[in-house]
Number of protein chains: 2
Amino acid sequence: MNQEFFDQDILGMETRYRASFINSLGGFKSVVLIGTRSTQGQENVAIFSSLFHIGANPALCGIIVRPDVSPRHTLQNILDTRSYTINHLHKGIYKQAHQTSARYAEGESEFEKTGLTPLYKHGIYAPFVGESRVQFACEFQQKIDLEINGTTLLIGKISYVHVPQASIAQDGFIDLETAESLTCSGLDSYHTTQKIARLAYAKPDKAD
Amino acid sequence: MNQEFFDQDILGMETRYRASFINSLGGFKSVVLIGTRSTQGQENVAIFSSLFHIGANPALCGIIVRPDVSPRHTLQNILDTRSYTINHLHKGIYKQAHQTSARYAEGESEFEKTGLTPLYKHGIYAPFVGESRVQFACEFQQKIDLEINGTTLLIGKISYVHVPQASIAQDGFIDLETAESLTCSGLDSYHTTQKIARLAYAKPDKAD
């Protein structure tokens, strides 16, 4: 049995129901911790599930930032300092990672509150998450305001990468399962993965 | 042992190596089939791994379209007709889904070539993928050219949803594992998932 929803059904949903429904509809998502630091040195770390790939050359990724929730510190810090880090989750830290979404008071560090460890290296201004196995740094490139719903797209250039050596395949593929990276769905569901297969580059003349 | 890569290392990578590396770095991704139809009635279906959530009210999602690969038909059809469908993968169709990325000749339908079934319903112009268990329709809203690398962001409003009834939780969450939706990483790696937990809404005064 399947259920169908039309425009009016979606519009008529209770707000939290709709948020959960639409957030899970798109499929499994990347889930990462974004580390930033204010110009005054206040550290911030926040969970995001809107990271997406924009291009490999130059190496660019995007995130969507909502204006009305706690990651606004993330946005301000990125605009002020141009520096942020992106850190994968694994089973050992997903509860702390989720907890970073709580609305802590101004001046409180999610690192301190959740027990995650800020890590500085190579002169990069923003802190990494020490517990993460896959870490990379971004330099802010562009901000695009999406007037359609008041959110903001931030584009960053990947300027530093830290990955377990054993996770890198000969062709450059990073085997995220060996790093035990997680995926999420909806607003609050965390998942491990199991590889089915890597498929060859598709050509018109063959079936699979 | 970990391996580190700096700006110059990334710039110096062989093109395909870098594409594979950067595409997998961001974490697990949503992977979907996008169905469109030209104004002349020519059907098109293409695999995308750049779908991301923009907002729930209105219900909006984004995709990144590259100018230089076969999904350009997808872009043109969406701009011409404003209609497209998004369809999840499961184990039974992931090989056909991957095969849609082959560069078929102008006038060839990826539906016919891969054996996927175009499905029309409710007067929606674009075809759904009949084999998909989670299907939704979008109405094109906005096109944003990302001059930084020549890609295009398309924003759509979700106007119709079809999901297995058994997958919808009481709070609106769609349990994608019951629909056996897949996730992907990099350019060619497909994965099933296993839920660890759904976590409660995070509040500042509790640890997890």
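User: Which residue stands opposite A:Thr193 in E13(B)?

Analyst: Strands of a sheet pair through backbone hydrogen bonds, either parallel or antiparallel. Strands (E, at least two residues) and helices (H or I, at least four) are DSSP runs, numbered from the N terminus. Two strands pair if DSSP finds at least two bridges between them. Here A:Thr193 faces B:Thr193. Strand E13 (residues 189–198) of chain A and strand E13 (residues 189–198) of chain B pair antiparallel over nine bridges. The model is predicted: local features need pLDDT of at least 70, side-chain atom pairs 80 or more, while totals for chains, interfaces and linings use all residues. Residues count from 1 along each chain as written, chains are lettered from A and ligands numbered from 1 in written order, and side-chain values use heavy atoms, without hydrogens and water.

User: What is the strand order of the open sheet?

Analyst: Six strands run E2(A)-E12(A)-E13(A)-E13(B)-E12(B)-E2(B), with antiparallel pairing. The edges are strand E2 (29–30) of chain A and strand E2 (29–30) of chain B, each pairing on one side only. E2(A) pairs with strand E12 (residues 183–185) of chain A over two bridges. There, A:Lys29 has A:Cys184 as its bridge partner.

User: How many residues does each chain give to the contact?

Analyst: Contact means heavy atoms within 4.5 Å. Chain A gives 103 residues and chain B gives 103 residues.

User: How many salt bridges cross the interface?

Analyst: A salt bridge puts a side-chain nitrogen of Lys or Arg within 4 Å of a carboxyl oxygen of Asp or Glu. The interface of chain A and chain B has four. One of them joins B:Lys157 and A:Asp7 (2.9 Å, N to O). Strand E11 (residues 151–164) of chain A gives the most to the side of chain A that touches chain B, with 11 residues.
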